[in-house]
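Please look over the model below. A short report on its packing follows.

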Amino acid sequence: GLFVTDYFTRTPRKLSPFRSFASIELFHFHIPEDTVIAVWNLITFKEQGGTFGDQCPDRSITVYFRSGAPSVINPLHTHFPRDTAVPGSFALTLTWTLPNRTTGVFNVTSPLPGDWFLAAHLPKDEGKISVKGLYEECQYLFQPQLIVQRLVNIAVLYPGHVTEQSMAPHNRSCLYKVFVPSYTSRVLVEVLRCRGAEGCPLWLRVRAKAPPLHNSTTLDCREHTPCQLAQDLPFWQHWYYVLVEKHPGVPGTVSFQVTVQLTDCSRPSLARPPFLPSSASMNMPHSFGSAGGLALGDSPPPTSPNDTKHPVPIPATSHAGERCWPVRPTLRNELDTFSVHFYIFFGPNVSVPPDRPAVFVINLLPVLDSGGVLNLELRLNVSSLCGENVTVFGCLNHEVPLTSGDNTSVTCETESLAGFLLSVNATATLSRLRIPYPQTGSWYLSLRSLCATEHGFEPCTNVTAEVYLRAYLSPCINDCGIYGQCKLLRTNNYLYAACECKAGWNGWGCTDNAEAFSYGFQLLSTLLLCLSNVMFVPPVAIAVRSHYLLEAAVYIFTMFFSTFYHACDQPGIVVFCIMEYDVLQFCDFLGSLMSVWVTVIAMARLQPIVKQASVLYLLGAMLLSMALQMDRHGLWNLLGPSLFALGIMAVAWTARTIRRRHCYPPTWKRWAFYLCPGALIAAAAVLLYAFVETEENYFYIHSIWHLLIAGSVGFLLPPRAKPSRRLGPLPRRKGCGYQLCVNEQEELGLVDPAVASINSICTS
């Protein structure tokens with residue numbers, strides 16, 4: 001055949017340490033039909049400060065692959081919520097081959113067509129809280145590339161038609177495909193009139209959706225006559241690929257014929273069902289039409305399989321085409337993103353007859369619905385059992401319904417199908433099933449009632465069980481509970497949801513409490529972070545006593561908003577918010593930076609120049625507000641204003657030292673007992689904040705930060721300014737009916753009256 005090669009690539013993305021699925025990087029690819037091989041080229045490289053990160057440590061990178069929906073991963077081995085089905089995926093760990101770059105290759109032979117998802121992440125780190133901009137961070141970038149090779153012009157087999165083929169000596173195989181429509185109960189592939197040098201030296205392989213592999217369903221035509229390969233309950237609305245392969249070492253040309261027969265249960269002429277009762281006993285109202293479009297003694301009218309007025313029957317697994325049951329559709333009601341309810345016509349209460357299953361179909365839209373959670377809830381009405389020991393089994397299967405004809409063993413799996421089993425009875429009346437990131441397409445739920453006896457399960461007699469059925473799509477499992485937050489994430493044009501847990505809780509639905517914080521621990525951490533701000537009371541008292549009223553107001557502002565910000569910022573349930581979180585965070589950061597600013601400006605002793613000091617206070621408030629609005633976690637938001645204020649203080653102190661020809665501040669006690677201890681305390685606080693603080697010790701290290709910063713302010717705040725030695729003018733005297741001139745300098749005795757120039761103030 002003719003091969004065509006396609007190439008796909010994605011933009012490199014920065015990888016993060018794994019904490020939850022919200023921290024992974026997700027990549028979406030689409031593999032076309034008739035692809036025989038797909039090769040993923042996985043490129044990873046390091047960066048540090050805009051250059052190659054040769055000095056960055058080697059950290060392993062884990063990549064997950066899954067077809068149809070994103071991978072449900074659990075690298076931390078946490079517990080999943082109850083009643084959660086975990087679909088499988090393939091994982092690959094990349095190791096470094098070069099100091100700053102590595103490449104991995106992942107090959108998939110005959111991959112399933114459609115959507116493929118890659119998820120990548122770094123290992124979990126120690127949770128250190130780093131200050132943004134303090135040092136150049138090592139970045140690990142990941143870029144996947146996909147190369148696919150697909151066949152074009154594959155021969156198409158038409159059901160009921162014979163295709164002749166002659167395989168030349170240099171050819172090893174012939175590939176065909178046949179489309180299987182809905183309501184097909186059986187696919188039969190047969191090789192006819194096979195002639196070769198050694199009888200019929202052919203292998204017959206069949207596979208759904210993609211070309212067959214070595215482990216696909218296989219038949220040796222030399223050992224089986226006739227050479228027929230049957231597939232019961234095939235996937236609907238998919239291509240089936242037929243590979244006729246020649247045995248190795250067979251000389252000469254091999255000629256044969258290939259034909260395909262499809263058993264269509266929706267057409268009674270091909271698979272006529274047995275006697276069917278009236279529509280009332282089939283749990284179908286008369287206005288909905290007869291069950292399966294058939295009535296007692298009536299010949300079936302010619303209807304389309306997609307006719308919504310007549311439910312289309314499906315076969316049971318005992319013998320293909322022996323029985324046909326109606327499929328009931330569901331109504332899709334979209335409420336929001338990943339919030340979809342599937343309503344059952346004439347439901348939600350469903351009657352399950354004793355002698356036949358009740359089958360429902362749930363349609364998930366491609367791409368749009370695979371990023372949420374498919375929820376199924378089954379509740380039994382015990383009063384409908386009439387005292388019988390009835391168990392209602394439900395099988396949820398993808399792309400084809402499955403109704404077992406074996407009463408002794410109830411299962412939802414066959415050799416080619418895998419499903420999920422639900423069951424309810426008089427003792428366990430409720431059953432739930434959650435499927436995170438379900439594959440899109442049609443999901444079929446088959447409900448069947450059986451009675452338990454000493455010999456196993458047997459069909460019930462004259463007991464119609466009634467169950468309440470609820471099916472819906474949600475973003476996360478139980479909205480991630482009280483210790484998690486459901487986040488809506490996006491990668492390019494693909495949306496998906498994931499839980500982000502807090503307070504030590506883990507798991508896909510934040511239900512794993514192995515490392516969870518207790519209520520007492522949460523209360524203690526909240527009280528420490530909040531009450532440590534009381535340390536600002538002494539600096540406020542010192543500022544008021546020293547007539548630094550503006551500084552005292554800033555300290556009160558900082559103490560108030562820091563207290564209530566940390567009360568609102570807690571991860572657990574001990575949370576109290578008086579305002580929106582963003583407002584509290586902004587005010588807390590602004591108050592902290594303004595406290596540093598006004599303290600250093602006060603230390604500069606600019607009070608005699610009143611106008612300049614007021615300008616600096618106002619300028620600092622405006623610049624800090626602008627900087628916080630740009631980036632609240634940047635390093636220069638703290639260092640920039642602090643260094644600028646320290647520069648102003650250094651200039652003021654230097655000017656005083658030069659003018660007085662003496663070190664400023666002039667007393668050694670001021671340096672020894674106030675400035676040096678205050679500077680050491682502030683430096684210790686900065687070191688703790690920048691290098692010691694982690695997520696585990698945050699609550700007490702940050703509380704110590706509050707205590708140290710407030711304590712350093714009490715030491716660094718200068719004492720009350722002494723009154724100026726310049727005396728103002730004397731009070732003006734009033735004469736009685738005459739004008740009195742007073743010389744101020746002469747009155748003060750500062751100059752010789754004979755020499756001084758007279759500066760008189762005359763009043764009447």
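## Basis

This is a predicted model: local features need pLDDT of at least 70, side-chain atom pairs count only at pLDDT 80 or more, and totals for chains, interfaces and linings use all residues. Residues are numbered from 1 along each chain as its sequence is written, and side-chain values use heavy atoms, without hydrogens and water.

## Nonpolar cores

A nonpolar core is a set of buried Ala, Val, Leu, Ile, Met, Phe, Trp, Tyr and Cys residues joined through side-chain atoms within 4.5 Å. Buried means under 20% relative accessible area, with a 1.4 Å probe and protein chains only. The largest nonpolar core has 44 residues. Tyr555, Met594, Trp597, Val598, Ile601 and Leu606 touch the most other members. Elements giving two or more residues include α3 (549-568), α4 (581-603) and α8 (698-716). The largest share, 13 residues, comes from α4.

Beyond four places in sequence, Tyr555 is in contact (heavy atoms within 4.5 Å) with residues including Phe536, Pro539, Ser595, Val598 and Val713. Another core lies apart, with 38 residues, among them Tyr183, Leu262, Val327 and Val400.

## Helix α4

Helices are DSSP runs (H or I, at least four residues), numbered from the N terminus. In α4, 18 of the 23 residues are buried, so α4 is largely enclosed by the rest of the structure. Just after α4, Arg605 takes a positive phi of about 60°.

## Residues 499-510

An unreviewed UniProt entry lists residues 499-510 as "domain: EGF-like"; such annotations may be inferred rather than shown by experiment. Here the chain is 0% helix and 25% strand, strands being DSSP runs of E, at least two residues. The end C-alpha atoms of 499-510 are 7 Å apart.

Definitions and conventions. Buried means under 20% relative accessible area, exposed over 50%, partly exposed in between (1.4 Å probe, protein chains only).
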